[in-house]
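Here is a friendly walk through this structure, one feature at a time. Have a look at it first, and then we can start with a pocket.

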Amino acid sequence: MVRRRFEIRTQPGFAFLALVTFFMLYLPIAVLVVYAFNASDSITIWGGLSLHWFRVAWNNSAVQDAAWRSLIIAVFAATFATITATMAALATTRTPPYPGLTFKYAFINQPLMVPEIVTAVALLIVFSRVKVWTGYSGLGYLIAAHTAFCIPFAYLPIRARLESMDLTLERAAADLYATPWMAFKRITLPLLRPGIIAGFMLAFVISLDDVVITEFVKSGGQDTLPTYMLGQIRRTVTPEVNAIATAFLALSVILVTAFFFINRQKN
Amino acid sequence: MPKPEEAEQKRVAVEARSIVKAFGQGSNAIRALDNVSVAIRENEFFTLLGPSGCGKTTLLRLIAGFEYPTEGAILLYGDDIAGLPPFKRPVNTVFQSYALFPHLTVSENVAFGLEMLGRSKDEIKSRVAAMLKLVHMEELGNRRTDQISGGQAQRVALARALAPGPKVLLLDEPLSALDYKLRKEMQIELKRMQSETGITFIFVTHDQEEALTMSDRIAVMSKGRILQVGSPWDIYDKPADRFVADFIGETNFLTAAVVDIANSRATVRLSSGKEIPATVAEGMQPKHEATIVVRPEHARAVKKGGQLSGTVENVVYFGTDTHIHIRLEDGSPFTVRQQNARSEFCGFEIGDPAGIEIAADAAQVLRD
Ligand SMILES: Nc1ncnc2c1ncn2[C@@H]1O[C@H](COP(=O)(O)OP(=O)(O)O)[C@@H](O)[C@H]1O
Ligand SMILES: [Mg+2]
C-alpha cells in the first residue's frame, strides 16, 4: 500500500478556502481600481470607462502638493534610514557575538514591535515641545519620524545580505594591502549593493504608505498623499480618491516587484 | 635538496617564537597553538603538516595577521610583526576557498593588490599580464570569476597572491579541493612557480605524500605543537616520535632494550634476543626500554634466518610491490614490503613461517 504524505494542498476544502481568502483580499482592491476608471461622479454607479478622475487628480493642486511632500519625505527618510541601517548591519554582523548583541538586534527592530500609535503620540508630545523651543515647524519632523520607523525595514535585507557574504573576501582584501576603508569601498560595498537597494526600496514604500505617525506629527498644511486621502474621504467621496489610490498602488507594485527581482539576483 | 651546511647560511624569513594562541576564556579556552617555535628560511618551500585541527591554519593566520598571538612573537626578517594588521604585512595568502572577488574579472582580481599598493597603471598592466602568463591564464583575463573552473580559480588565486611580490606566500591547503589528476599537476606547477619567483612558500597540508614530494622542509604538527622539523628525508627516515612515525607513511613499531649507546648510534636487543644497530635522535637519552621503528621497505621476509621470526598472516599484491603481514613470536604485527620481480612470486603464503631480515641502519629509536 502506498502511503501518501500529508499535504495541506490536497486536504478537502483547502482550495475553496484559499479562493475565498484571495477573493476577500483582492476583490475590494479590484473594485477600487475599476471605479477609478469610472466616468460618472459616483463611486457606486458605473458610468462608462474614462480617465477623467485621473485627470482631475493630476490637475488638483492639493494632490500635487501632497504627492510632492510624500515623495520628498520618502526620499529623505529612506536615504537616512538606509545609511543608518547599513552602519547598524555592519556593526552587528562584522563582530564576534558578544553578550548584549541580541538586545541590540531587538533595539534596532524596536519600531516593528512598539504599537505605531504609541510612537505617534510620543513623537507628537516631544515635537510640540521642540517646535516651541526652536520655532521651526518644517518638514524635518516628518522626515525624522519616518526615518525612525523605516530603519528596521532597511536593516533586515542589508543584514541578511551581509550574513550570507563570505568574510574571507574582506580578509583577502586586507591581505592584499587594502586598508579597512578601501576593503569596505572596493569589496564589501559593491557586494552589499543589492541588499542596500532592497532596503532602500522597502523603506521608501513604508514611508510613502504611513498614515498614523504622519497624522500626529504633521503641522498644518503638511498633508502627505495618504493623509490627504483620509481627509477627503471624511468629506465627500468622489472617484478621485480611487484614482489616487490606483496610481499609488501601481507605484508600490512596481517598487515591490523590483525589490523581489533585485533580491533574487543575489548570487 | 640543499646540503645542511648550505641551508644554514640562508637567512631566516619568518620566525615564530614561543607562540601561544588561545581561543575563548578561562576554563573553556582552547589552546590552538601551544608554545610553537619555528624558523622558516628565505626561498624555502616549507610545509606545515598535520591532521585536521592541529593548528596549521591558526599558525598561518597569525603570520598573515588575521589573528594576533596570545603570547610570543612573529618575526619577518628580524622585525616583530605580531602587532601589525594584515594590510601592513608584506605577506600574501592563497585561501583554501580561493576567496576570489566575485564582482571583479580575473585581471581585476590579480590587479587588486597592486592597486592598493598604489602602483602606476602601466606597471599594473604589465605585472598582471606577467602573472597571468605565469599561471597559464593569459587568455582568460576578462572572464568573470564564476565563468572559470575550480582549477583555473586556483591559478587566479595564486596569481593574485603572487602579483604584489610578497616576501612570503602562505598557502592553506590550496590543492585539497582539486581532483587527483589536477592536484598532481598543480603540485608540480607550484614547485615551478616557487623556483621561478624565488618567494618563500609556507604551505599547509594534511596530506603526507604531498608534503614529502613538494617540500624543502616539513614541520609535523599535532595538537597545537610542532613535533619535528626537517627535510622530507629526515621526517620519513628519522622520525623523532611515535606520532611522526605513524603519521608519515607506514611503519612497524617494536619494543626493544637499549644495550649500548654512543654518539647518535645505539645497539638494541629485539624481543627475539638478537641485537641490531639503530640510530638515535640527537641529544636523546633513551631509556632501557624503548620503541624502535622499521619501515616496511627496509626489511625482507626470508625463509631462513633473520633477526625476527613469525608467521605469515596475509600477502597483499600491489603491482609494483607485495606487502607481507607477519605476526611475530611475541604477538606484535610486522609488515614487510618487497618489490616484485617479473614472473616471480614472493614465495610466501598465509601460514608459512618467515624470518625478517632488517637492513643495516634501518632501525630508529623513538623519543618518549
Ligand atoms: N576562531 C576560533 N575560535 C575558536 N576556536 C578556534 C578558532 N579557530 C580555530 N580554533 C580551534 O583551534 C584548533 C586548530 O584549528 P586550525 O588551526 O583551524 O586547525 P587545522 O588548520 O590544522 O585543521 C581547532 O581545535 C579549532 O577548533
Ligand atoms: Mg585548516
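## The largest pocket

The lining of the largest pocket divides into 12 nonpolar, 5 polar and 5 charged residues; here Ala, Val, Leu, Ile, Met, Phe, Trp, Tyr, Cys and Pro count as nonpolar, Asp, Glu, Lys and Arg as charged, and the others, Gly among them, as polar. Among the 22 lining residues, Arg94(A), Thr95(A), Leu167(A), Glu170(A) and Arg171(A) lie nearest the centre of the pocket. Helix 3 (61–93), helix 8 (167–175) and helix 9 (180–209) of chain A each supply at least two residues of the lining.

The volume of this pocket is about 570 Å³.

## How to read the model

This is a predicted model, in which local features need pLDDT of at least 70, side-chain atom pairs count only at pLDDT 80 or more, and totals for chains, interfaces and linings use all residues. Residues are numbered from 1 along each chain as its sequence is written, chains are lettered from A and ligands numbered from 1 in the order in which they are written, and side-chain values use heavy atoms, with hydrogens and water left out.

## A sheet in chain B

Chain B has an open sheet of 4 strands in the order 2-1-4-5, with antiparallel pairing. Strand 2 (30–41) and strand 5 (79–80) of chain B stand at the edges, each with a single partner strand, so one side of each is left without a neighbour in the sheet.

Strand 1 (residues 12–23) of chain B runs antiparallel to strand 2 of chain B, and 9 bridges join them. Val20(B) has Asp34(B), in strand 2 of chain B, as its bridge partner. Two strands pair if DSSP finds at least two bridges between them; helices (H or I, at least four residues) and strands (E, at least two) are DSSP runs, numbered from the N terminus.

Terms used:
On a 1 Å grid over the protein atoms alone, a cavity is a set of points where a 1.4 Å probe fits but cannot get out, and a pocket is an open set with protein on both sides within 12 Å along at least five of seven lines; lining residues have an atom within 4 Å of a point. Grid points are joined across faces, edges and corners, and a volume is the space filled by probe spheres set on the points.
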